[in-house]
Amino acid sequence: MSDRRCERTTARTLAALGAAALLVPLAAPAPAFAQGGWLRQDLDSADRVGLVLESGALRTDVGEADGGGASLRREGQRGRTGLATFPEQALDGPTDSVDVRVRADGDVEHLLAEVRGVRPDGMWTEWYPAPGSGGRVTLPEDVTQVQLRVEVEGGDTALTGLRVRPLASGAGRPGGGERDGGAHGARPAEPFSARLFATRIGLVGGTTANGHTVRKDDHFVALPSRRGLATRGGGEYTVRVCTTGALGPEGKNETPEHEPRCAYLPVWDVGPWNTGDDHWNEDRESWNDLERGLPQAEAAYTDGYNGGLDGFGRKVRNPAGIDLADGAFREGLQLPTNAWVEVDYLWTADYRQRAEITTVTQSDPVVVRGGPGLEHDPVGLAAHKANVDVACQTVGDEATGPFGTSSAWYRIGPGNYVPAAFADGGADAPDCARR
């Protein structure tokens, strides 16, 4: 590792605890308690990490041992943090605008409420913050279900109430009209891709931003924004990371010595360096004068942007825009050291046929091969819970997995195949021979 300080920003300094939920609602949404159009969130229904429910309020669990509960999200905060994620709730009709209200015992400035919704293709939008004690949140497109989560910081503030109500679609836009080109923002056919410098997370035994305890053979990534942070154990935000052969901070133009390897990995942590740098978005949350796909830390390291400092005022010592868990780093991509990689943000495009990689152990990854059979070389790994886009299916060697025995194989990327027996979904993908 070229810089252990960058590693520390991921799981102990920048992490906030998240909560578990599946990538899309598989069961009926939670009942909506409506009063005057408001959907009240039942505090007892929230999935909690680092929080306790006491006297009708959610507050940080000061009884947890250091390192075992919530961890610090940003420098300068007052103490421990925890996160509560509430069940998804169905709306009466599609909308892109909601009103969120937060009640607190203590300073509401130490609460961070966020909301997301289910897109027309069944996937989640990213998370969007509500202002202060609440207010209007405009999502990028109409949604039919919403979900809220709240981060609680410090022991002097507690969440005592939370509610949301849908507004007329377009209420959050100037004039209340539709977006250019229609009611929904069009997603591209292919996901956004960026070339990033990758570092290794390490920190085995620590806690990630979504509440996962880090293992030595884990397969996940950290990105420097909460907007694409998956729920604990979820894969609703998944990236495809492929090697380029370029090693070291200055090695962007080196020629790959071997065929690239690719890993399909859920986003379970926040970092490195920054926590509000969704550099993959055209309308990014911060540093929006930078080119799309250029992390602020890379600009600071390479060009002296922001005086060479990150968002917390620290000297940036490497250009990392993504952190890889140890299993993904060593086994999935087989990297000898920190390196430049190609990253595809799969949720930024429409899924043709979405499938969730599933393994019996619920931790081991699935081998990705260069063709539909065991005679083809391994070219990477797909993590348990990774959401992959099935372009097509073909017949290959018979394989047995959590979904039975089958000779069907799915193509999930250029020259990347996995057995259908390890994928929940994708059965309706077209025949590869017809594409």
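Of the 59 residues in the largest nonpolar core, V239, V241, I322, L324 and Y345 touch the most other members. A nonpolar core here is a set of buried Ala, Val, Leu, Ile, Met, Phe, Trp, Tyr and Cys residues joined through side-chain atoms within 4.5 Å. Strand β15 (residues 262–270) supplies the largest share of this core, 6 residues. Please keep in mind that this is a predicted model, in which local features need pLDDT of at least 70 and side-chain atom pairs count only at pLDDT 80 or more, while totals for chains, interfaces and linings use all residues. Residues are numbered from 1 along each chain as its sequence is written, and side-chain values use heavy atoms, with hydrogens and water left out.

**Cores**

- Leaving out residues up to four places away in sequence, V239 touches V221, L223, A263, Y264, L265, V267, V343, D344, Y345, L346 and W347; contact means heavy atoms within 4.5 Å.

**Aromatic rings**

- There are 8 aromatic pairs, counted when rings of Phe, Tyr and Trp (its six-membered ring) have centres within 6.5 Å, with planes under 30 degrees apart called stacked, over 60 edge-to-face and the rest tilted.
- The Y345 and W347 rings have centres 5.9 Å apart and planes at 90°, so this pair is edge-to-face.
- Y345 counts as buried at 0% relative accessibility, and W347 is buried with a relative accessible area of 2%; buried means under 20% relative accessible area, exposed over 50% and partly exposed in between (1.4 Å probe, protein chains only).
- Ring pairs join F192, Y237, W280, Y345 and W347 in a cluster.

**Charges over rings**

- The charged end of R116 sits over the ring of W124, 4.0 Å from its centre; the rule asks for NZ of Lys or CZ of Arg within 6 Å of the ring centre and within 35 degrees of the ring normal.
- R149 lies over the face of W127, at 4.1 Å from the ring centre.

**Strand pairing**

- Strand β7 (residues 89–105) pairs with strand β10 (residues 134–153) in the antiparallel sense over 8 bridges; strands are DSSP runs (E, at least two residues), numbered from the N terminus, and two of them pair if DSSP finds at least two bridges between them.
- V100 has G135 in β10 as its bridge partner.
- β7 also pairs with strand β11 (residues 158–166), antiparallel over 8 bridges, and R101 stands opposite R163 in β11.
- An open antiparallel sheet of 3 strands has the order β21-β18-β25.
- Its edge strands, β21 (387–389) and β25 (423–425), each pair on one side only.

Technical notes: Helix = DSSP H or I, 4+ residues; strand = E, 2+ residues; numbered from the N terminus.
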